Every structure is written in C-alpha cells, then in structure tokens.
Amino acid sequence: QALTYIEEVLDQFTRSIHYYDLLEAAGDLEGALGRYDKAAALYKKISRGPPPMVVRAERLQGNVLASEGRHIEAIAEFENVQSVDLEGVFIEQEKMMACLGQAESLISLSRFDESVSLIGSMLAEASPEGVPVTATNILFGKAYSLLGQSLLEMKKDQDALIAYLTVDLVYGDAPGTHAESLFRLFHLWNKGGYPRRAEEVRERLIKNYPQSTWAAELNPSIK
C-alpha cells in the first residue's frame, strides 16, 4: 500500500523537490520485498539528477548488489563512491555510508581483516564538518558495530568487547545498532566471566528495546 502511494505521487510530481527521496523510498521498499531488479531501476532514475544524486544512486546500486549476494560487484560500486572527486556535507555522508557498505560486504566474504582495516581508517579521520552530530553518531555507531562483528569472527573477544562498549556508551543513537550491541555485550560479558554485567545489559536491552529481535532472544517470558 505504501509503495502504491509513492508510485502515484512520483507519477504526479516529477518536478517535486522530494522526487529523488521518493524514488529512494520506493526503491528501498522494492528491495525489502526482494524485487531487486525493480529497486535497481528506481535507483537508476536518481542517477539522472545532479552530481550529488549520481553519487547516491551509485551507493544505492551497491546496496542492491550486496543484497543479491554479489559482494565483489558491490564493493566496486562502494569504492567508486568513496573515490569521487566532489566535496560537501552530502558527499561526505555518502562516502561514509559507502565505506560501511563495503565493510559489510567484506564481512560477508569472510575478509574480516580487510573490514577491520577499512573501518579503522574511516574512524581515524576527523568527523566531516557540517554533518549533523546525530547523523555522524549513527554512522560511527554502525562502524563500531561492524568492527565488533569482524573482531568476533577473528576470535578477538576483548577487542570486540571494546567496540560494542563504544556503541553502548558513546554511539547508541540508532536503536537497532544499540540493541545489537547490548545483545553482543551480554554474551561477551558472560563468556569473560562477568555474569552480573551480562545481566545488567540484558535487563537494559529488554527494557529499552522490548520489541527488538535481539531482546526476544534474551527474554525468557516470550520463549
């Protein structure tokens, strides 16, 4: 129903300032339904816009390829975005999101050391000027979450613990990312021999994010 409404608006308001946002929303919905060819076609229309929109379209195409499991191709798209010779707040955010997309694809390919190196380079750079703090925090939270995921796969539990603690204590702006970090911390604290700390994060997860799948995993009342 939401997709039908967006399509109707797109047909009527092709010159709207929200046209590209609507194209992205429609593409996202198609992707969520597994219709990746339709999502790619909608994102391609975004590339007909001004240069910043071309950059966004390429990143979104990378997302589609990753969703299809075509991670090598997705990485190429994400690398193109990061190497674009344009400046501005919008472009910097796109580059950061492309970097995170590339890291996710590297993880899917079990190239964990490359993912750690890529994320480390991103985090070592100064925060782009002009990017809203909340937006930056959400991106950094995702970065530390992916870093933790990579480190877990590399059996570096202590480093993974630090990464997930950073999400919890500093970059917990995105509910989904924060909920996952609490879930991972629960298991890491237990594994490390700190059951009281594990129970504390379990309680916070269930209290703050009761509807999340992460909380459901640790909530005995809904087993």
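**View A. Salt bridge between arginine 111 and glutamate 114.** In this predicted model, arginine 111 pairs with glutamate 114 in a salt bridge whose closest N and O atoms are 2.8 Å apart. Arginine 111 counts as partly exposed because its relative accessibility is 27%. Glutamate 114 is likewise partly exposed, at a relative accessible area of 35%.

**View B. Helix H6 and the residue that follows.** Helix H6 comprises 20 residues, spanning residues 89–108. From first to last C-alpha the helix reaches 29 Å, close to the 28 Å expected at 1.5 Å a residue. Serine 110 follows H6 and has a positive phi, near 60°.

**View C. Salt bridge between glutamate 94 and arginine 59.** The closest N and O atoms of glutamate 94 and arginine 59 are 2.5 Å apart. A network of salt bridges links Glu94 and Arg59 with Glu24 and Arg56.

**View D. Salt bridge between glutamate 104 and lysine 142.** A separation of 3.5 Å between the closest N and O atoms characterises the salt bridge of glutamate 104 with lysine 142. Glutamate 104 lies in helix H6 and lysine 142 in helix H8 (residues 133–153), and the pair links distant parts of the chain, 38 residues apart. Glutamate 104 is partly exposed, with 35% relative accessibility; lysine 142 is also partly exposed, with a relative accessible area of 28%. Across the whole structure, the search finds 13 salt bridges.

Notes: Residues numbered from 1 in each chain as written. Predicted model: local features only at pLDDT ≥ 70, side-chain atom pairs only at ≥ 80, totals over all residues. Heavy atoms only, no water. Helix = DSSP H or I, 4+ residues; strand = E, 2+ residues; numbered from the N terminus. Expected span 1.5 Å × (residues − 1). Salt bridge = Lys/Arg side-chain N within 4 Å of Asp/Glu carboxyl O. Buried < 20%, exposed > 50% of the residue type's maximum accessible area, 1.4 Å probe, protein only.
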